[in-house]
Amino acid sequence: MDRLMTVEGLRVTYGRGASANPAVRGVSFALGRERLGIVGESGSGKSTIGRALLRLLPGATIEAGRMEFMGTDLLKASERRMLDIRGARISMILQDPKFSLNPVKRVGDQIAEAYAVHHRGAKREAREKALEMLEAVEIRDPERVYELYPHEISGGMGQRVMIAMMLVPEPEVVIADEPTSALDVTVRMKVLGILDDLVRRRGLGLIMISHDLNLVRNFCDRVLIMYAGQVVEALPAAELGRARHPYTRGLLAAQPRIGGDRRPLPVLRREEGWKQPMAEASA
Amino acid sequence: ETPKDQLVVGFSMTNVLTLDPAAITGREPVQILANVYDNLVTLDAKDRAKVNPDLAESWAIAPDNKSITFHLRDDAVFASGNPVTAQDVVWSLNRLMTLNLAQASFLKTHGFTKENAGASFTAPDERTVVVTLPKPVDPKVIVQTLGIVGPGSVLDSKLVMENEKDGDLGADWLNTHSAGSGKFTFDGWKANDRVILTRNGDYWGEPSAMKRVIMRHIPESQNQRLMLEKGDIDIGFSLAGPDLKALSAEEGVEVISQPGSGFYYLAVSMKDERLAKPKVREALRYLIDYDGINAAIMPYYGQAHQRPIASGVIGAMPDPGYTLDVDRAKTLLSEAGYPDGFKVTLRALADAPFMSTATAIQATLKQAGIDAEIISGSGEQIYGAMRERNFELLVGRGGGGQLPHPDSNLRAIIYNPDNSDAAKLTNFQGWRTSFYDPEINAAIDAALIESDADKQVAMYHDIQGRIATVVPSIQPFAEVLDSVAYRADLENFTLNPSWGTDLGAITKDR
Amino acid sequence: MTAIPMHSSAPPRRLAGLRSGADYLGTVLRHLAGNPSSAFGLVVILALIVMAAFAPLIATADPYAQDLGAALQPPSWAHFFGTDEVGRDVFSRLVYGARITLTIIALVGVIVGPIGLAVGTVAGYFGGWFDTALMRITDIFLSFPGLILSLAFVAALGAGLENAIVAIALTSWPPIARLARAETLTLRGADYVSAAKMQGASAARIIWKQIVPMCLPSVLTRLTLSLATVILTAAGLGFLGLGAQPPLPEWGAMIAIGRRYMLESWWLVAFPGGAILCVSLAFNLIGDGLRDALDPKQRKGRH
Amino acid sequence: MSDITIEGLTIRLGLGAQARRILDDVSFKVRSGESFGLVGESGSGKSTILKCIGLLLTTWEGRIEIGGQPVREAKRKARCRDVQMVFQDPYGSLHPRHSIRTTLAEPLRIHGLDREAERMERAMVDVGLPVDFLDRYPHELSGGQRQRVAIARALVLEPSVLLLDEPTSALDVSVQAEVLNLLAKLRAERGLTYLLVSHDLAVVDHMCDQFAIMLQGRIVEILDRAAIPGNAAAHPYSRELIGASLAYERAA
Amino acid sequence: MRLALSPTSGRLAGFARQAGTILVTLLGLLALTFAIGRLMPVDPVRAMVGEEADQATYEQVYHELGMDQPVYVQFADYLGQIARGDFGTSLRTGQPVIEDIARVMPATIELATFAILIGAGLGVPLGVLAAARKNRPTDHLVRVATLLGHSMPIFWTGMIGLILFYARLDWVGGGGRVSDFYDGMVEPRTGFLLIDSALSGDWDVFGDALNHLILPASILGLASLAYITRMTRSFMLDQLNQEYITTARVKGLSQTRTIWGHAFANIRVQLVTIVALAYGGLLEGAVLIETVFSWPGFGSYMTNNMLTGDMNAVMTCVLIVGVIFIALNLLSDLLYRVFDPRTR
Ligand SMILES: Nc1ncnc2c1ncn2[C@@H]1O[C@H](COP(=O)(O)OP(=O)(O)OP(=O)(O)O)[C@@H](O)[C@H]1O
Ligand SMILES: Nc1ncnc2c1ncn2[C@@H]1O[C@H](COP(=O)(O)OP(=O)(O)OP(=O)(O)O)[C@@H](O)[C@H]1O
Ligand SMILES: [Mg+2]
Ligand SMILES: [Mg+2]
């Protein structure tokens, strides 16, 4: 398994001085050509990690022992250099298509643009790539959808457009930030299928951010569990059921199940000690 | 630099509402029409008491003082080419009285009416005009009246009647067209912008050296001043005091300042029981800082003057020498029963120099315990209130004087033949201030018909003496000055105190 | 089931909705003070208030005392800012004028805010023909030439400070009403408004208790910006002779009168002009700052 | 008694040409003390039904009765004391400028109820929040706590019917568990009637006895809870929906 | 801020509704103006007959003007007149109001257009710049610098401009639209001096007119600059906080392209709206600068007529301003439909 990315001791702090809010507090992991899941409750810093990797946090301070992507130091790289990396080599599928697409531009053009930024002067080619990509994410009538505006497409289509946009420049690493949270079950399954398929065929590194344990368990190779800005546990996805950290265990138990008994659901009782990662947590 | 054969004049034309000689109001239109229309006679620009021939070569006053006969010159033609005839003169005067607009009042004061106009103005032949006086007046006053622009302007009756609409006697057409025999003609004016006068090539006398005169609407005094300094205009007619002061020091610009007509005064309403008391009015007389105001505020607007008869006319007297004397005023107030003063309102136009003057008077009144609240506003809010006899104190300007005759001043400022509210004699400031003194009224009437010049002067002196003791409702503190600045390279520029400056006489020395 | 402890992650740091009023104000002020430009604005307004409060102590002379003999003196140690056309001390007049400026600002603020807020929220909440009618009226006032409207009202009611204030207020409320309406339109669908309806609250109660507090920040922001304009409009009315009446040392009127002497006696206009500039700038900057501090649009675009 | 009876509920919304039939002849019954679920695709009209019942929308046609009385005929205040609603988004349903105390006091004042403090405290205890939270503001609470406050606000008027519009979809599973437990407990204790909208069949299964599946403004099928595990639905859409949910869970 | 009449549905119904709305607004405007005319303590009759006239003359003119009719009769008469396309004659100039306005309007349009070109041409880029550098020195500098123009009484800046650039430096022309020498040299075809002189190839006149225009236009432009800058900055900040901006950056777009290619596309309609409104404001609100620069324009025409009580002229002016605002409104509405796919 060749390494695409190495992160050591990542700390991200929003704000300064008295209002400083350390959202990520020393996270380390490595990513190969695999599907790495990050789970954790709302506000635990999952999205922040994703954005920090792409240096997309203007108001925050990012520190790390190491933050490397295939030999490039992401911490020290110039903004110019980052422009070449963003999109082309690492891209990120943002959470909510409703807000993440430019409302006044045709969705097709937005996809094509992602390609064109990194392949100058090829407008027609960009269009074709975009159409191809739309087809790849199983959009039925790509020619028609290309011409639509974001408000004219459904949530599921939006999510797929977003995926198409982020995959069209053929990056090596994709960070998917809750790519399906806005979808209902039927659509969710389809979208995940597409993503999974693309990852397998292209052999890229995928970071899947979510708070849905079922999802991560199904679609990832490894899982990091975050709590309060730290990785508290790291396991192979298949072994999630055997997680030892009380937070992880609590999460697993709190889920209602179809056909389950109707006894009160176990709830989490948060403890200070949870903020300490398990001894062998670093992955 | 303005062109050599064109004259550029700056003034504020906000008040130019029409260019029909029978309907104009205020001074700016007079300045325009004076160069477009001729009168039978003109008032001398320097010697105020002198009347010069114009369309009339000569005139004679009947021995019984009941009529005046004018003899017209025979070479005068209108700009249209029509000859100027006695019929035109009579028609013009008839038109004035029939329309009964602003300019009719000059003659109405002396008994002329719409109804008697036909009998009063007659033309025995092509070249003779006879004016018969409907009531006894000093005929000299009538001659002078016919010398002022507006009532005396002679119109081209043929041309006007060609353009008559619905029996309006050409009023609509004359708004924007000229029908005169003067040195210039015009074709309408652009409100807010300019009036252009074009040389009348067929002028019966010496034609103007200027091909055209551009009269520009420049409402801001400072702008006028800058343009004058730079030579972008030749004459600035509506400059404010501070700018005139600065210009007088400027190389290449001349400033003249000479007595015009009317006074700056403090008026009281006699309807107010406090102000009706002579002692109170006398106290007010000593609460004006005559010297301070005239030195600090009035330069170029007015000069010290305390009597209601303009300087330079017959019967004028030196000032009685009132000064600011707070102690005396306080004593007078105590005697009147107001040792601690009182509260009043003081109205003044929002313009210079009224506001500053009112402010200054407010401060001196305060020293005697009189608490004056200033109300400033537009003409309607100030003089309108005065016309409705609904005011207390007021700083204003007025007092007749377009005619160089003491009667013009006295009639405007003190005369009040009927003090009832119903009389609505709003054109008399005596009535507006509710000042009523039958004795003075009679004296004014008598002086006007006195045919012996020396006796007449003595009568006017007596009237002024009485005024000093009865303390009427209006106390002048300055006499209006007309102040104009112009480029020093203009020649033959003579400021006419009746606002009818002859622009056609001007040449440029370059 | 027992109480769960608070989540450890910090609550979202939003300014909208802080504990008590005073606390809220404090936070806003701190936010404003933290930004150099709005801090400058605060300092100027503070200075204005101090000047107004302690005018008799700060002024070096009686602002109304005339000395016709010492008219139009240039700035000197005797008269810091020179004297005016009737020999009054410009500095002292400026200091006392702060009171008038504050009065204008306060009164216009007090009139315009509530009118605009009331019209806007009521129209927005009820919608339908009621909204149409109110908005038509607003449009009429809005598209009526502003200066003409104030001019007309001042002329109608008579020149004077109070009337000028009323006149300016009359022309300033429509934009605020529009703003409040737009805000209300987005708020009236909010769940907490529905919740209030479900509880049986009357329309008036909902507007007053639920909607008004939410419109307040943006209205306030807009109001500060209007106040800067108000000062200038007052000066413009002064220019046309319809502002405060003499001898009141109102800054706009001081400029209006002083401009006649401006070319020689620059101090007559420069100092009041500078003062207006500072205050108007200050309000503009505070308005900008408030916008950043309070504007609900600054909230993150997802939930 | 607070049975809910809905018959032929139809509503059109939107202006002019954009007007659309949002609900089309919807009928169902909920017996007093029961918990009834509404599931279906996004935009199918689930929330709209609740809004019609709560008279937040008034232009509907058909019949809605609670406890045998048509809702439109009930007095506003009486109706409000009977039916309360809990909204989906705990961040949007509490007024950000009102303290919890104000939020809870409002309904009491509107209805002029006495013993304000006592009632508020009881509501807080009922939903498992410490009484000193009364002086907090919404932004000082977690999502779960906010949702509890929203429930407390609904309870403070002691209604018999609760309309629950996706009350946990904005919360993560750990918090969802708290809220679901609370709702279950309250129903058990007070015999409340629930009408619960959710898109998560696991939640519906956990909470409801019966549920309706909606598609484009119509109810395609009303099923018993027991129909879920074996996917016993008849209508193809229902089958697809239940199937997908089961697949998702099984994969776990 | 958007004046827009809310986008309604159903073409025809919408159109009828809008027409009705416009009519009601205009009627309201007229009624308000009429009421103001009655309330104003200016007396057109007095203005016409002058201070010295006696009561008889006054009453005669009062009657001739129809002022002795009940107010509602006067208003109805006026409306009837307008319906027949007759806007009456100005008492102040004795000329048909429409002719007067046809003369003063181009002067103001010329001034306002130049001013807005300056204001928007500088304001929009500056606003974008300030937003992009929010809370950094550039931002503060831009805001304070542009606000300076907005915070000074315009008659004061105007006068200072004249003293400096006209009197001292002699860079620009003084008051008025053109030097007197050139007055009346070009045939008035459109009324716009610049266009007329260009049409007839009188480049001297063109240059001179431009020379007179540039200073008042710059000062007006400077005053609107602050507003436009602030609004641009504020719109831009709203957009820069949006998630789609992050999307654009994730794609690897540079900041410049993100701002101009993505954020700007979302604010252009709002921008056009506020610029249009600012423009409308300049058309009616340039009284002070027109006075200072002796500019024979619409603003001072309207104001002077108001102060004289020449209600015929004022009503027409107000009507025109109303129509301008409504037109701008419709324009902004239209632009929303064209540029913002969500409103189509
Ligand atoms: N722009 C910001 N400024 C200040 N604090 C922020 C900002 N963005 C996020 N935070 C804070 O950082 C913390 C981590 O946020 P983040 O968005 O990474 O959480 P998350 O794990 O993605 O949560 P969710 O599941 O809700 O998306 C939270 O406490 C949040 O309040
Ligand atoms: N006021 C309204 N005007 C026009 N259409 C409306 C209005 N309110 C709701 N709708 C439409 O009615 C339909 C049903 O909306 P509703 O909110 O009831 O759906 P839902 O089933 O609750 O969906 P979700 O699961 O997304 O909450 C939607 O298509 C919505 O767009
Ligand atoms: Mg996140
Ligand atoms: Mg819903």
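A disulfide is a covalent bond between the sulfur atoms of two cysteines. Keep that in mind for the first exercise, and remember throughout that you're looking at a predicted model.

**Exercise 1: Cysteines**

*Solution.* 
Step 1. Go through the chains looking for cysteine sulfur atoms within 2.5 Å of each other.
Step 2. Zoom in on Cys80(D), which is in no disulfide. Its nearest cysteine sulfur belongs to Cys52(D) and sits 15 Å away.
Step 3. Now for the surface. A residue is called buried under 20% relative accessible area.

**Exercise 2: A pair of strands in chain A**

Describe how strands S10(A) and S11(A) pair, and say what joins them in the hairpin.

*Solution.* 
Step 1. Locate the two strands: S10(A) covers residues 222-227, and S11(A) covers residues 230-236.
Step 2. Check the direction. The two strands pair in the antiparallel sense, over six bridges.
Step 3. Pick out one partner pair: Val223(A) has Leu235(A) in S11(A) as its bridge partner.
Step 4. Look at the turn. Two residues lie between the strands of this hairpin, and Ala228(A) in the turn has a positive phi of about 50°.

**Exercise 3: The surroundings of ligand 2**

Work out which residues surround ligand 2 and which polar contacts reach its oxygen atoms.

*Solution.* 
Step 1. List the neighbours. Among them are Leu13(D), Arg20(D), Ile22(D), Lys46(D), Ser47(D), Thr48(D) and Glu166(D).
Step 2. Sort the shell by type: two residues are nonpolar, seven polar and three charged.
Step 3. See where they come from. Strand S2 (20-30) and helix H1 (46-53) of chain D each supply at least two residues. H1(D) gives the most, with three.
Step 4. Go through the contacts. A side-chain N or O atom of Ser47(D) is 2.6 Å from a ligand oxygen. For Lys46(D), a polar backbone atom is 2.8 Å from a ligand oxygen. Glu166(D) has a polar side-chain atom 3.3 Å from one.
Step 5. Wrap up with area. On its own, ligand 2 exposes 640 Å², and the protein buries 62% of that.

Notes
Residues numbered from 1 in each chain as written. Chains lettered and ligands numbered in written order. Predicted model: local features only at pLDDT ≥ 70, side-chain atom pairs only at ≥ 80, totals over all residues. Heavy atoms only, no water. Buried < 20%, exposed > 50% of the residue type's maximum accessible area, 1.4 Å probe, protein only. Helix = DSSP H or I, 4+ residues; strand = E, 2+ residues; numbered from the N terminus. Pairing = 2+ DSSP bridges. Near = heavy atom within 4 Å. Polar contact = N/O pair within 3.5 Å; in protein donor to acceptor, adjacent residues only side chain to side chain. Areas by Shrake-Rupley, 256 points an atom, 1.4 Å probe, with all protein chains shown as cover. Nonpolar A, V, L, I, M, F, W, Y, C, P; charged D, E, K, R; others polar.
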